[in-house]
Amino acid sequence: MARSILIDCDPGLDDALALLLAHGDPNLNLVGVTTVGGNVGLETTTRNALQLREYLGFDKVPVAAGAAEPLTRQVRDAAHVHGAGGLGDVVLPEAVLEAHDDHAVDFIIDTLRAAPGSIHLVATGPLTNIALALEREPAIARWVASFTIMGGSYTRGNATVAAEFNIWADPEAARIVFDADWRVTMIGLDLTLQAQANAAVISRLKELGKLADHLIVPLATFYFNPNDEDWDGQAVHDVCAVAYVARPDLFTVRPARVDVETNGEFTTGMTVVDFDPPIANANVATHLDVPGFWAYVENVYARVAREHS
Ligand code: BDR
Ligand code: CA
């Protein structure tokens, strides 16, 4: 039976590729998309989610807009990475259908309450909506079938030396989320940097025709710098979090205690990971079966591309 998945996101180049995977995989049933301010402002992340919904054809899936700002801090975006519009060079037709009337936080709570134990919640942006939902209804931690984030790292950051962007953008929210009564699966940078869309991947994706030309390849290459020797392609961070729900067999995860630094002079937003804790609050992903991952993702994308042509 297909796994139901609810995605809280900030599209975002890789968020868009993650939505494409959730929509295209017949083993996943996308039950809702909620948006948060992150890579770009909330208005733009929501507009992108609405446009992607219609362009890809998951019109019946509700899209609900959530928090525009972090819990306590100033907004800090990543438009320098994702472009001012959030989707790089990609321009999609304006959406006709509107967002859901409910706020994302209410939508998340009500959707999980209606189907306890059956929906896999995935967050690929700052954790503001999830923290607000936990504060309003702590029982969501029991109602999810699982909870997976793209965020954090146990080695290095990308927003700062110590902090990964989604945690750094709203560390207070991330702390609430890791401290809640559930086990977070953390798909952090250590894992997602293994999922780089390198030249071989891109050349196979280019075979997929129109959808690849207009959407997939531009999203997967927008900020790739071929002159940087450290890079073997742009990492598709958020795709990994969705892939984990469908194909956990591709990932190695280890139980750990994760704490979020909120006060550090140089380390705010850092996820402090103890792999030998008295009590674990997370499963932290460490290793990806890279060929298996790309075979899976490319297969799903090919399926959508065939329907889209
Ligand atoms: C994360 O930050 C965002 O810029 C990406 O969409 C991804 O969710 C990677 O650090
Ligand atoms: Ca994201």
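Tyr244 is buried, with a relative accessible area of 15%. Its partner in an aromatic pair is Phe251, which counts as buried as well, at 8% relative accessibility. The ring centres of Tyr244 and Phe251 are 5.2 Å apart and their planes meet at 85°, so the pair is edge-to-face. The model described here is predicted.

**Aromatic rings**

- A search of the whole structure gives seven aromatic pairs.
- One of these is formed by Tyr154 and Phe275, an edge-to-face pair with 5.1 Å from centre to centre and 85° between the planes.
- Tyr154 lies in the loop between strand 5 (144-150) and helix 7 (165-169), while Phe275 lies in the loop between strand 10 (271-274) and strand 11 (282-288). The two residues are 121 residues apart, and their pair links distant parts of the chain.
- Tyr154 is partly exposed, at 31% relative accessibility.
- Phe275 is also partly exposed, with a relative accessible area of 22%; the limit for a buried residue is under 20%, so Phe275 does not count as buried.
- Tyr223, Phe224 and Trp231 are joined into a cluster by ring pairs.

**Charges over rings**

- Arg254 lies over the face of Phe275, at 4.2 Å from the ring centre. Phe275 therefore takes part both in the ring pair with Tyr154 and in this contact with Arg254.
- Arg76 lies over the face of Trp168, at 3.8 Å from the ring centre.

**The largest pocket**

- The largest pocket holds about 580 Å³ of space.
- Its lining consists of 30 residues, and those nearest the centre of the pocket are Val81, Asn158, Leu189, Tyr223 and His237. Tyr223 also belongs to the aromatic cluster with Phe224 and Trp231.
- Several elements each supply at least two residues of this lining: helix 1 (13-24), helix 3 (79-82), helix 7, strand 8 (234-235) and helix 12 (237-246).
- By class, the lining of the largest pocket has eleven nonpolar, ten polar and nine charged residues.

**Enclosed cavities**

- The structure has two cavities of 30 Å³ or more.
- Seven nonpolar, three polar and two charged residues make up the lining of the largest cavity.
- Helix 11 (210-221) and helix 13 (290-308) each give at least two residues to the lining of the second largest cavity. The largest share, three residues, comes from helix 13.
- The lining of the second largest cavity divides into ten nonpolar, no polar and no charged residues.

**Cysteines**

- The count of disulfides is zero.
- Cys9 is in no disulfide, and the nearest cysteine sulfur, that of Cys240, is 16 Å away.
- Cys9 counts as buried, at 0% relative accessibility.
- Cys240 is likewise in no disulfide, and Cys240 also counts as buried at 0% relative accessibility.

- The peptide bond from Pro11 to Gly12 is cis, with omega near -10°. In general, most peptide bonds are trans.
- Gly12 is found in the loop between strand 1 (3-9) and helix 1.
- Leu19 is found in helix 1 and counts as buried, at 1% relative accessibility.
- Leu19 and Leu30 are eleven residues apart along the chain, and their C-alpha atoms are separated by 8.7 Å.

Conventions. Residues numbered from 1 in each chain as written. Chains lettered and ligands numbered in written order. Predicted model: local features only at pLDDT ≥ 70, side-chain atom pairs only at ≥ 80, totals over all residues. Heavy atoms only, no water. Phe/Tyr/Trp six-rings, centres within 6.5 Å; stacked < 30°, edge-to-face > 60°. Helix = DSSP H or I, 4+ residues; strand = E, 2+ residues; numbered from the N terminus. Buried < 20%, exposed > 50% of the residue type's maximum accessible area, 1.4 Å probe, protein only. Lys NZ or Arg CZ within 6 Å of the ring centre and 35° of its normal. 1 Å grid on protein atoms, 1.4 Å probe; cavity = no way out; pocket = protein on both sides within 12 Å on 5 of 7 lines; lining within 4 Å. Points joined across faces, edges and corners; volume = space filled by probe spheres on them. Nonpolar A, V, L, I, M, F, W, Y, C, P; charged D, E, K, R; others polar. Disulfide = S-S within 2.5 Å.
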